[in-house]
Amino acid sequence: MAMQNGSSQTPWVRHRRHSNEDVQEASKANETHLLVNDQNKYRSMLVRAYSSVWMIGGFALIIYMGHLYITAMIVVIQIFMARELFNLLRRAHVDRCLPGFRMLNWHFFFTAMLFVYGRILGQRLVNTVTSDKVLYKLVSKLIKYQMIACYSLYTAGFVWFILTLKKGMYKYQFGQYAWTHMILIVVFTQSAFTVANIFEGVFWFLLPATLIVINDIAAYFFGFFFGRTPLIKLSPKKTWEGFIGASFTTMISAFVLANIMGRFQWLTCPRKDLSTSWLQCDPGPLFRPEYYTVPKWFPEWFPWKEMAIMPVQWHALCLGLFASIIAPFGGFFASGFKRAFKIKDFGDSIPGHGGITDRMDCQMVMAVFAYIYHQSFVVGQNLMVETILEQILMNLTLDEQQTLYMKLGQILNERMTAQS
Amino acid sequence: MQNSGSQTPRIRHRKRSSEGFQEASKANGSHLLVHDQNKYRSMLIRTYSTVWMIGGFALVIYMGHLYIAAMIVVIQIFMAKELFNLLRRSHEDRQLPGFRMLNWHFFFTAMLFVYGRILSQQLVNTVTTDMVLYKLVSKLVKYHMIACYALYIAGFVWFIVTLKKKMYKYQFSQYAWTHMILIVVFTQSAFTVANIFEGIFWFLLPATLIVINDIAAYIFGFFFGRTPLIKLSPKKTWEGFIGASFTTMISAFLLASIMGRFQWLTCPRKDLSTGWLQCDPDPFFRPEYYTLPRWFSQLFPWKEVAIMPVQWHALCLGLFASIIAPFGGFFASGFKRAFKIKDFGDSIPGHGGITDRMDCQMVMAVFAYIYHQSFVVAMNLSVETILGQILMNLTLEEQQSLFMKLGQIINETMTAQS
């Protein structure tokens, strides 16, 4: 049985404080008592299932509440992830000699937050306050100077870091500085892309996230029942049977879920501002079902003669493929990292699963892919038009925008008449 | 100026510089005459390489935007090579064949990503004459992001698959180190190249200010240096710092005026050609005339002075170059002390490696770009200039698409406000 819970956990019991179950498992030196081993396996599955149900339930509730709340949830997850990771390679006795050094981490965290969310939500914030003239001017000015404000904050942190370098601690401080940057980059890249995707339509956040969860759960169950051949030395609990079974499950669910999710305007419409009210929009050609007649070679008992497939379902297949093949490497990376630095789990917030980073490792890789996929294939991004549009909206007042609009309209009309 | 004293304890990377050996052999600075000879000799070597560097640099500026960008790419490659070699341990590397290739794979991916984004519009404009090439290039530009991501993921998967038992910590550290290096090297070069194509002025002025600041600090410290500035860099002094600050700010004001007269330096380059450049000068570079107050003009022959608006911006750049940019140097010094290295490399005699020269430039380049984007470009934008941009840079379809999107957004804003 490839599920060697007891033996693989024993050598590195280091961070677990709350879970008595692990102490029990650690006390069994190896798995000679098959009955106890089986009981532990089922018990650990129950604990995991219990926390999974809570996580999925809470998640579904937030999706229902809307874009702004999902963003808030992501921000909260980020803060906890960053805290877990900041604490990881910190050495308490060294830190006592460096007062205020931990503040530096949070200063950079705050700067990154301002930078990332300022860029993504800037335009939407402006759209939210259009009713109030004073607030509109204030917010527009803030957005305009956002980049230089963030840079000043970063430079202030940089100078502060250099001024607080203490002799004999240089290596530790530089190590922490580099580590802080790496953490912030990892945490913020994925959350930035996730939030950007959310405001393009909750669908583009919900589908990838759900696929990862399904992939995880399916791999667990396939491995639980059929697992025999180990997949990779890094994660001894993963098996080829689990991997392949989960791949098929993920791709089929991607196809089906895209259809289900695509029917709700709450999920498919982009959100242009920061309100939380109901959303109405034209779904766009991606979510309009196209009818295909079932080809003749399909078996007779297949009840449908023609199928309604939304174009988005083909995109969902690509997302599913990535989620099953590449996204698990995020998990392998995290496992390798934990082995390299001899840590059991990133934290212990979630019983049965470890810390928040343990849950988010595959999600991070998927979120980045989902955003890049969306920008490249779904939106068909035209960089030049977007940048000029952004310039117009950021730097011109409403009257100037209208003037520009009228002049451009005139010129285009002249061109059209000249051409015809 | 404690040259020999501070260099002795940490001789580790110096292989070729014979001068370093000479100084190392003197245990402390008790022989004042030899000490003086060494000080002057080291200054001569530094001056010699400085002259060569400045000369080469001036030549490349003369040759144009594309060659400057090429020079920056070459500098980048050398910097990355120096830094990759720094924390590498050769006996571990022998057990990991192909691991060094991974570094260069990520380097190539970063190069594609950064220069693809910055130069995409310029590239498209260069090949507008050839229909086939235009279509090809447009497609490449469209799928640029996903191509770079695919390359990065390939490297990521390759890294995980080549993780070897008992080498995990070394490999993960190298991975993180590679990312840090690439971020540091590419951020500054990306912003530098972006600035170059906005007009060589916005690259040349900040770079020159850093060089002036360095040289002025050296000279002021050489002659007047007495009070140490910061424990990290024992050679720096307050006299050098303050003298250099004044020199930098005055030169910023004057140089901006001199550089602003050349269209070669002030015009933005819209494509990747290397030919002559003509453009309508920016309002920043048009001199405005201020009448001098009466007490001033009684002493001096000038009745009014022509100041370009860009000179005020140059003062801000000068202020940053003298106050904040030296912290880039302190960071590099602290880093070298933390990891017990003498210099990043030894390519340049008297100065160390390329990273030693570029440490302050990196901080300045980022600031110059951000300053330019926030204060120069933004101030320039008016209905006329944006309209001009739209008509010049977009195809007819793109203009129509912009028109429709803008119409939508304005409508939404109007309904929200009413």
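1. A word on terms before the details: a residue is called buried when its relative accessible area is under 20%, with a 1.4 Å probe and protein chains only. Please also keep in mind that this is a predicted model.

2. Let me start with α14(A), where that cut-off matters. How many of the residues of α14(A) are buried? The count is 12 of 13, so by the under 20% rule this helix is mostly covered. The buried set is P328(A), F329(A), G330(A), G331(A), F332(A), A334(A), S335(A), G336(A), F337(A), K338(A), R339(A) and A340(A). Note that K338(A) and R339(A) are among them.

3. The geometry of α14(A) holds up. Its 13 residues (328–340) should span 18 Å at 1.5 Å a residue, and because the end C-alpha atoms are 18 Å apart, the two values agree. After the helix comes K342(A), with a positive phi near 55 degrees.

4. Helix α11(A), residues 240–261, can be checked likewise. From first C-alpha to last, its 22 residues reach 30 Å, close to the expected 32 Å. Its buried residues include G242(A), F243(A), G245(A), A246(A) and S247(A), and also L257(A), A258(A), N259(A) and M261(A).

5. Among contacts in chain B with a separation of 6 or more, 72% join residues 24 or more positions apart.

6. The unreviewed UniProt entry places "transmembrane region" features on chain B, including residues 140–163 and 200–225. In the model, residues 140–163 of chain B are 88% helix and 0% strand, with end C-alpha atoms 33 Å apart. For residues 200–225 of chain B the figures are 92% helix, 0% strand and 35 Å.

7. What do chain B and chain A bury between them? About 7100 Å², with 81% of it on carbon and sulfur atoms. Y149(B), F331(B) and F403(B) supply 9% of the area that chain B buries against chain A, more than any other three residues. In contact terms, 76 residues of chain B meet 73 of chain A.

8. On polar links across this interface, the rule finds 0 salt bridges and 3 residue pairs in polar contact, both residues at pLDDT 80 or more. Elements giving two or more residues to the chain B side include α6, α8, α9 and α15 of chain B. The most comes from α18(B), with 17 residues.

Key. Residues numbered from 1 in each chain as written. Chains lettered and ligands numbered in written order. Predicted model: local features only at pLDDT ≥ 70, side-chain atom pairs only at ≥ 80, totals over all residues. Heavy atoms only, no water. UniProt positions renumbered as here; feature names shortened; annotations may be inferred. Helix = DSSP H or I, 4+ residues; strand = E, 2+ residues; numbered from the N terminus. Expected span 1.5 Å × (residues − 1). Buried < 20%, exposed > 50% of the residue type's maximum accessible area, 1.4 Å probe, protein only. Contact = heavy atoms within 4.5 Å. Buried area = accessible area lost by both parts, 1.4 Å probe. Salt bridge = Lys/Arg side-chain N within 4 Å of Asp/Glu carboxyl O. Polar contact = N/O pair within 3.5 Å; in protein donor to acceptor, adjacent residues only side chain to side chain.
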